[in-house]
Amino acid sequence: MLAESIRQQLRQIVGEAWFKDDPEALVTHSYDATPMVQNLPDGVIYPHTREHVSEILKLANEHRIPIVGRGAGSNLCGGTVATEGGIIMVMNRMNKLIEIDQENLTATFQPGLNTKEFHLAVEALGLFYPPDPSSMVISTLGGNIMECAGGLRGLKYGTTKDYVIGLEAVLPSGEIIRTGGKLYKDVAGYDLTKLLVGSEGTLAIITEATVKLLPAPKYKKTMLAMYKDIYAAAKTVSAIIGHQIIPATLEFIDNPTLRVVEAFNKIGLPLDMEAVLLIEQDGNDMVQVERDIEAMTRICHEQGAADVKIASSAEEATKLMMARRSALSTLARIRPTTILEDATVPRSKIADMVIEINKIAKKYNVQICTFGHAGDGNLHPTCTTDARDKDEIHRVEQAFEEIFDAAIRMGGTITGEHGVGMMKAPYLEWKVGEAGIELMKGIKRAFDPNNIMNPGKIFAKESRKRLVVQR
Amino acid sequence: MSETSIKPKLASTSVNPLAERLKLTLNYDELSNCIRCGFCQPSCPTFKETGIEAASPRGRLALMKAVVDDLMVPDEAFREQMDLCLGCRACEPVCPADVKYGQLLEQTRDAIEKHTEHRWWVKPIRNAVFKQLFPNQKRMRLLGSALRIYQRFGIQGLVQKSGFMKLLPDTMSQMERILPEASAKGVIEQLGTYVPASGGRKPIATVGMFRGCIMDVLFTETNINTVKLLSEAGFDVVIPEAQNCCGALHAHSGELDQARELAKKNVDAFRTAGVDYIISNAGGCGALLVEYGHLLHDDPEYAEAALNFAENVKDVSQMLMEKGNIPQFAVKENGSGHERVAVTYQDSCHLRNVMKAGNAPRDLMNRIEGARLVELQGADRCCGSAGIYNLVQPQMSMDILDHKMEHVKQTQAHYLLTSNPGCLLQMKLGIEREQMSEQMKAVHIVDFLYENLVK
Ligand SMILES: Cc1cc2nc3c(=O)[nH]c(=O)nc-3n(C[C@H](O)[C@H](O)[C@H](O)COP(=O)(O)OP(=O)(O)OC[C@H]3O[C@@H](n4cnc5c(N)ncnc54)[C@H](O)[C@@H]3O)c2cc1C
Ligand code: SF4
Ligand code: SF4
């Protein structure tokens, strides 16, 4: 609940129209793409300049009002749900592409810029910005940076953190800091840039960012390897990496996922296969690209692929990639509630993890479809269920707890790219340990002593007990 | 509830009749299917214009669900938000979860309509328009005659000069200027109810022409050209006299019962006529016709017939491309003397998003000799016409139109083709607003094709 005087001040900062607290605004900012979580904020504000952000934060800090930054609200960890009320700060009016610097190969923009629009602008100049979350048609770059988003090209090119080299951020005190710059090298003190990337809006609000760009690879080839045996498909992933080939994309899709993806995209995917691998290689040397594709074709066959198909045109390749991008949302066609997880393991363990997931699904009698960025060891076991069936949801929770536990036992982690938010907070300690949590809390206090920045995220009130205590 | 409570208590303790109605009307399963991924947002014109979540498909669905979940009471803002939706349904084909947004919107508007106290002067107008005028082809004809007299005898000029139009909002007066000349005689009065396949050939199929209501008064020429084109392409054409308005304006304005009545009459009319296909030349009408199956799905008497009807509805472009002996088209005179005539195309949202026939018009245009199809950037985005949207939401409609015209200008086309009367008028309005009528003409694709038919 915001006092009238505060509402008035907020309106003064951004203008009458850009602070809203009518039921309509509150309801439509009570959720993001995370299933089953929703809470009403007390207000919604749309800053237009860094000065707006600074003044809003100062006011909020003084009155201890929670501030939740929001890009497109497409995150999957409850990151923009106002768990403790407060103000949702929507960044989409700050969406300028400030500059593409072709001499330094960098780009600078405001956080509300749409990821896809940015990609198009960069590509129009023959340049390349690799991080490509499947949600890029709607996500914002600010959201990508705060979640350290990955995508289909993470294997060869890394994720968002590998590209952000400079940030402008507003601290809860209202002070504006700049980190990094158009620099490829910078070791002046702690690396605050990297610290802020992936901080999920719990430390500061980002108002500007500089990223590095690459020249666009000239050649690209896409292939689809099909398997009757899911284990063989998963083994191929480790085999390819083991042969020291790093494809740009190496995605795993199991049969149930394949079926729904095909139903939506109608591109002739092989429905009689247990799993497929979608593989793409790119580069500037056509011979090398072809050589890699040939080698991978051979490896796929050696590992037991029933068939390997190479996309005959760029169009076909794009269709395949688009189809893969739609996997999560199309799974929503099976049953009303779709819970996607983000377990990540070392790449040599992919096959074991896939088997483990299927075993756990059976044990708890829940339907889990698995796809993901297998090349990075990042799997998305996705449960199709119904939030209204309390009993089933309970089993789903148990199954996922066991999946996280299995991932950690295999040397993996509880989230590879979607962030901790409120959903994984109870499990964070499993991954980083008690001392790790304390250290992180110390960092949080240094930035945000009054805990107004996206409270309730990353750090849970209570941690879950590990199922199997090991290590 | 005390008046002084500051916290917006969203759920009211007292029973709200609209909320209750929405709970009954809205398909909760369908609402739950939305996973809130937001994939629909980039395609939504009202979101693009406002940048506000509530004005996006995901936001509107969340509002509907919040009402059913007792999280909020449907207030004036709720109604306004539903009104602000164009109903263009660009959000549907991009939704990976296959949420039937259009149906949910219709259900919402129906519920709102049943609980809306219109201002005293709106009710009789709505009544006249929805219940007396549109469903009655004779009255539409009469209106046509009246309009024609008005246009013919210079009253139009008089009114325009008198400054009366200045009293109306800008759009209205601009609209007045672009309105085509109404015709007192419709397609049947001019061609009869049966036109055989041309040249005495054996027909490929018998098609029933859906003449529409406004279409037959303001765009009779297009109706006539449609029949002639179909006949050229090898079809026997029947124009059942007993048909009436499709009911789209009713359905989209929350008059679902009335829409159902109209639908039944059309199903009967075309069933009796014994046609293989039902052909529409207006995307807006066609989209409702293909949804008759859904509209009448729980009517025991009509469910099956309506489904059968719906399955055989095709847009004229689609019919020509898919089944016809496609005639030859060639542009006779060139735009600027030597280069090829540039044509561009603005999609009819309903033809594209609901009838899923957006390719057919383009395929046809590509076949016109001497013409060059320039793709209009954002052609798949609603032009802001959307039924009577441009009259009830002039501000948003014009914002959308002005952005559209920026892209239209870039095409430097000589002709801007469309597949729906509403879009056609809107495009004419756009050209008028930009003062481009010297360089560019908006034409219904059927008229353009017929004009350039090699006979
Ligand atoms: C269908 C689908 C597919 C997806 N695929 C992928 C994928 O392939 N890879 C991947 O990594 N993720 C994926 N995601 C998750 C999600 O899209 C990403 O996390 C994305 O980066 C979120 O961007 P956003 O603009 O929606 O941010 P939001 O969801 O609005 O916000 C994300 C976080 O950032 C904070 N935040 C936002 N802007 C600012 C700012 N300016 N300053 C401070 N904090 C801010 C928020 O508080 C929140 O904690 C997917 C999601 C969906 C629904
Ligand atoms: S695309 Fe479909 S599922 Fe996703 S938010 Fe929009 S309506 Fe909901
Ligand atoms: S119908 Fe059109 S205006 Fe309405 S929500 Fe869908 S895309 Fe937006």
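Which residues of chain A does UniProt list for "domain: FAD-binding PCMH-type"? The unreviewed entry gives residues 37-216 of chain A; UniProt positions follow the numbering used here, feature names are shortened, and annotations may be inferred rather than shown by experiment. This is a predicted model, in which local features need pLDDT of at least 70 and side-chain atom pairs count only at pLDDT 80 or more, while totals for chains, interfaces and linings use all residues. Residues are numbered from 1 along each chain as its sequence is written, chains are lettered from A and ligands numbered from 1 in the order in which they are written, and side-chain values use heavy atoms, with hydrogens and water left out.

The span 37-216 of chain A is 22% helix and 24% strand, and its end C-alpha atoms lie 40 Å apart. Helices (H or I, at least four residues) and strands (E, at least two) are DSSP runs, numbered from the N terminus.

An automatic or database assignment divides chain A into domain 1 (4-90), domain 2 (97-215), domain 3 (219-330) and domain 4 (334-447). The C-alpha centres of domain 2 and domain 4 of chain A are 26 Å apart. Their contact (heavy atoms within 4.5 Å) takes 16 residues from domain 2 of chain A and twelve residues from domain 4 of chain A.

Between these two domains of chain A, there are zero salt bridges (a side-chain nitrogen of Lys or Arg within 4 Å of a carboxyl oxygen of Asp or Glu). On the domain 2 side, helix 6 (154-157) and helix 7 (192-196) of chain A each supply at least two residues. Helix 7 of chain A gives the most, with three residues.
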